[in-house]
Amino acid sequence: MFEVRELNVGYGPVQVLWDVSLKVEQGEIVSVLGPNGAGKSTLLRTALGMLRPMETDKANSITYREQRIDGLSPEQIVRLGIALITEEKHLFPDMTVLDNLKMGAYIKRAKGKRGESLELIFNLFPRLEERKNQMARTLSGGERQMLAIGRALMSKPDLLMIDEPSLGLQPLLITKIFNTIKEIKEKGVTILMVEQNVYFSLEISDRAYVLENGKIVMEGQGKELLANDHIRKAYLAM
Ligand SMILES: Nc1ncnc2c1ncn2[C@@H]1O[C@H](COP(=O)(O)OP(=O)(O)OP(=O)(O)O)[C@@H](O)[C@H]1O
Ligand SMILES: [Mg+2]
């Protein structure tokens, strides 16, 4: 469904991603794991057209359903059915929860399905329904994460990319967010996520890639990587 081939990306002269290749099949949850500064967010930003690959003699291609999307704008990519929840969330602080959600459904494929999408989101996150008339700026960190996920779902994506879904959340809420991601997958949405919480993400991932210093150093099935020595030592402190 989605494929990145030999991707090289940098900020000015500083190269951050080196020949990164990965694939996501329809219906999978795929995680990209790695330490701070490895280039995880850079990878997602490039996939959504917010950054451009470098000019090199490598493939530097990003394809979605067999169509090249590198070179498209974020706007065009969202219209194809890909949504990204960034680290920054970009909520509208002075709008209500409900209006923030409605803003997520501005593209054509989503507009007519607003009511249906809202019902699904309030089912996943009853808390958002309780707070629907509250200003986004007054939400707690966990509620903001729920709202960001909800708003992305309002665009009816087929592929959802999430940057650090568990960042800053307390353990109970982390479990809840990961369970919800699994539920979203069961509703037919394919998921590519980037995470530092290696244990929980491997638990729910079909497959995962490990990104270190801008390079993919390992890949495998979630369960397989959970048992891997390097992963256990470097990421699970076992
Ligand atoms: N706008 C920018 N300009 C220059 N360098 C940047 C910029 N954004 C990120 N970088 C650098 O690129 C590298 C990768 O950053 P990136 O945000 O992709 O890492 P990450 O894996 O998402 O890390 P984290 O887990 O801390 O979120 C870092 O060394 C960072 O300092
Ligand atoms: Mg990041």
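Which residues of helix α5 (residues 114–124) are buried? They are L118, I121 and L124. A residue is counted as buried if 20 or more other C-beta atoms lie within 10 Å of its own, as exposed if 12 or fewer do, and as partly exposed in between, with C-beta atoms placed from the backbone. Helices (H or I, at least four residues) and strands (E, at least two) are DSSP runs, numbered from the N terminus.

The model is predicted: local features need pLDDT of at least 70, side-chain atom pairs count only at pLDDT 80 or more, and totals for chains, interfaces and linings use all residues. Residues are numbered from 1 along each chain as its sequence is written, while chains are lettered from A and ligands numbered from 1 in the order in which they are written.

The buried residues of helix α5 are L118, I121 and L124. Seen down the axis of α5, these buried residues fall within an arc of 125°, so they line one face of the helix. The arc is that of the directions from the helix axis to the C-beta atoms. An α-helix has 3.6 residues a turn, so residues three or four places apart point the same way. The face of α5 turned away from the buried side carries the exposed residues G115, E116, E119 and N123. Cover for the buried residues includes α3 (97–103), α6 (126–130), α7 and α8 (171–186). Here, two residues are in contact if their C-beta atoms, placed from the backbone, lie within 7 Å. L118 belongs to α5 and counts as buried, with 20 C-beta neighbours inside 10 Å. The C-alpha atoms of L118 and E129 are 9.0 Å apart, and the two residues are 11 residues apart along the chain.

Helix α8 has 16 residues. From its first C-alpha to its last it reaches 23 Å, close to the 22 Å expected at 1.5 Å a residue. The expected span is 1.5 Å times one less than the number of residues. The buried residues of α8 are I177, F178, I181 and I184. They cover an arc of only 110° around the axis, which puts them on the same side of α8. L172 and E186 are exposed on the other side. The buried residues pack against β3 (29–33), α7, β7 (159–163), β8 (190–195) and α9 (198–204). G188 follows α8 and has a positive phi, near 100°.

Helix α7 (residues 141–154) has 14 residues and reaches 20 Å from first C-alpha to last, close to the 20 Å expected at 1.5 Å a residue. This helix is mostly covered, with 10 of its 14 residues buried. Among them are Q145, M146, R151 and M154. K156 follows α7 with a positive phi, near 55°.

The largest nonpolar core has 67 residues. Such a core is a set of buried Ala, Val, Leu, Ile, Met, Phe, Trp, Tyr and Cys residues joined through C-beta atoms within 7 Å. I82, L160, M161, I191 and L192 touch the most other members. The largest share of this core, seven residues, comes from α7. Leaving aside neighbours within four places in sequence, L192 is in contact with F2, V24, V30, L159 and M161.

The loop between β6 (82–85) and α3 holds H90. H90 has a positive phi of about 50° although it is not a glycine. H90 is exposed, with 11 other C-beta atoms within 10 Å. P93 lies in the loop between β6 and α3 and is exposed, with 12 other C-beta atoms within 10 Å. Leaving aside neighbours within four places in sequence, P93 is in contact with M135, A136 and R137. The C-alpha atoms of P93 and M135 are separated by 6.5 Å, although the residues are 42 residues apart along the chain.
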